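Here is a short briefing on one protein model. Keep the structure open while you read, and find each part as it comes up.

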Amino acid sequence: MRAFWLTLSIQVALTYCHYSYEPDPTWNIRSTSELKDKNFWFHDAQRTLFEKISMLPNQYLAKNVIFFLGDGMSVPTVTAGRIYDGQLKGQVGERNRLEFEKFDYVGLSKTYCVNKQVADSACTASAYLSGIKANYLTIGVSADVQLNDCAAAKLPQNRLSSLAAWAQREHKSAGLVTTTRVTHASPAGVYAHTSNRDFESDFDVQELGKNPTDCPDIAQQLLEDVGINLKVVLGGGTKKFLPNTMTDVYGNKGERLDGRNLIDEWQKKKRGKPRVVFNRTDLLKTNLRHTDHLLGLFNASHMAYHLDDSVDTPTLSEMTEAAIGVLSSNPEGYFLFVEGGRIDHAHHETKAMKALDETVQFSNAVRKARQLTNPWETLIVVSADHGHTMTINGYPDIDNKITGLNSELNDIDKLPYATLSYANGPNYRRFYTTLANGTVERVDLRTLNIGDKDEIYPHGVPMSEETHGGGDVAVYASGPWSHLFSGVYEQNTIPHLMAYASCIGPGIKACDLRPKTFNPYNPHNP
């Protein structure tokens, strides 16, 4: 055994010495001509090998856990987002890496829910936050609860507890950040229990034919139990918290029917130094070290896409930085959920460029979190709830503009086609025309605005909006016990792994396996 370790040490040392004299390793290739050199590929592979054999598992306690959720961020979305980001930076996009692609450990998560082969963001939230798979459109309740069964959703035995609840029980802080409404499906999984994800306000409950008294809405649950104990809540959705007799600071009317101003109620329930903000300016002015609780609602509904003009709207990176700043004051640590939620929305609209740009913004937020945390005590996990039907297709040339037209023409009609397209989506007539003789032909995409941020992309099956995809999604992990996230596993395994690393939750924990401190025998205290 000694000989083995000695040999391995020598090999690693020689590899290190060899590459210390090579050109500085870089992913930022700016010319495709560099890719033609066989030596480039040899040394590139050897560097990767060296990195792999140099990795040692980090088995320290995860004092902090940050879970980044790219809503709808399928593997093709990551690939296209990587290329898009690289091309924006003037690099050969295929060689670029998003921030979470630099993590040492990667796995695959199976996303189906109990009663659907292709999942939505509600049942998946139950899986990756509570560790239990559930039914389509339900949040924070077991599969014993069917859609719209409010009575069953109220039963304690049917309610699931989330990572945030587990963290709070161990005296850690918890918070959430999202670019969607804070009552939307993914963030609601942090604190809510409901038989319908669309019960965001009492108005929604009534519109869906239910009694708000019997079906507590998601917004009001933010002021109860786990929700009211969250230290940070940042996102959109003022209209879900304000009565229909009031407007928010930007003149947007609330929609609540019960007359409650949940924003005021939230502030009154908080002790210490709570702060409520509605714009980027006020968020950046916040003294995070002297803020005990932070609520930020930056739009009446979802926050604006990054590529759209918006009024004083913080980025996902800025919200992430603010959340970490507040949560870090707890010496026991924290759990933070961060969602890039508008990746999903852009895909539903088949606006591929916006989906890729939101993916890059998501990557930037991961980078900010890595800059602000210690990798020896903070576990960062990045994943998606489900995929989408977008694919990268054809045989485009290397470094072909990912959001543009393919470098090749269709071999049947000799017309161009887009590199990115969807299996289904809205407004299909934009891409087809019917001739006088009844023949249907494709529209010449050169007459459209393929590559524009608001252009919808070609698709096959006509739908009112593009659907989710059922493929596995990637899980990227860095920090304590990140090696556990390798392999292929059910999505509901993810919170169990995070809880193990952080010694929280109802299951087995890393702390359980540590050697016990030796105590001398004491006959008076056996």
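The torsion about the S-S bond of Cys-150 and Cys-215 is about 100°, so this disulfide is right-handed. Its two sulfur atoms sit 1.9 Å apart. Keep in mind that the model is predicted.

**Disulfides**

- A disulfide is a covalent bond between the sulfur atoms of two cysteines.
- The count here is two disulfides.
- What does the bond between Cys-150 and Cys-215 tie together? Cys-150 lies in helix H5 (residues 150-154), and Cys-215 lies in the loop between helix H8 (202-207) and helix H9 (218-221), so the pair links parts that are 65 residues apart in sequence.
- Cys-150 and Cys-215 are both buried.
- The other bond joins Cys-503 to Cys-511, with 1.9 Å from S to S.
- The link of Cys-503 and Cys-511 is right-handed, with 105° about the S-S bond.
- Is Cys-503 buried or exposed? Cys-503 has 11% relative accessibility; buried means under 20%, so Cys-503 counts as buried.
- Cys-511 has 28% relative accessibility, so Cys-511 counts as partly exposed.
- Number the bonded cysteines of the chain in sequence order, and the pairing reads 1-2, 3-4.

- Cys-113 has a relative accessible area of 3%, so Cys-113 is buried.
- Cys-123 has 1% relative accessibility, so Cys-123 also counts as buried.

**The cavity**

- Rolling a probe the size of a water molecule over the atoms shows where empty space is left.
- How many cavities of 30 Å³ or more does the structure hold? The structure holds one.
- The largest cavity has about 60 Å³ of space.
- Which element gives the largest share of the lining? Helix H5 does, with three residues.

**A covered helix**

- Helix H4 spans residues 121-130 and is mostly covered.
- In H4, 10 of its 10 residues are buried.
- Among the buried residues of H4 are Cys-123, Tyr-128 and Leu-129.
- What covers the buried residues of H4? The cover includes strands S1, S7 and S17 (468-469).
- Helices H6 (163-169), H7 (185-188) and H16 (493-502) are also part of that cover.

**The sheet**

- An open sheet is built from 10 strands, and the pairing is mixed.
- The strand order is S5-S6-S4-S3-S7-S1-S8-S18-S2-S19.
- Which strands sit at the edges? They are S5 (274-277) and S19 (487-490), and each pairs on one side only.
- From one strand to the next, the twist averages 15°.
- Strand S2 (residues 105-110) runs parallel to S19, and four bridges join the two.
- Lys-110 stands opposite Glu-490 in S19.

Note on methods
Residues numbered from 1 in each chain as written. Predicted model: local features only at pLDDT ≥ 70, side-chain atom pairs only at ≥ 80, totals over all residues. Heavy atoms only, no water. Pairing = 2+ DSSP bridges. Axes fitted to C-alpha atoms, helices over the stretch in contact; angles between N-to-C directions. Disulfide = S-S within 2.5 Å. Buried < 20%, exposed > 50% of the residue type's maximum accessible area, 1.4 Å probe, protein only. 1 Å grid on protein atoms, 1.4 Å probe; cavity = no way out; pocket = protein on both sides within 12 Å on 5 of 7 lines; lining within 4 Å. Points joined across faces, edges and corners; volume = space filled by probe spheres on them. Contact = heavy atoms within 4.5 Å.
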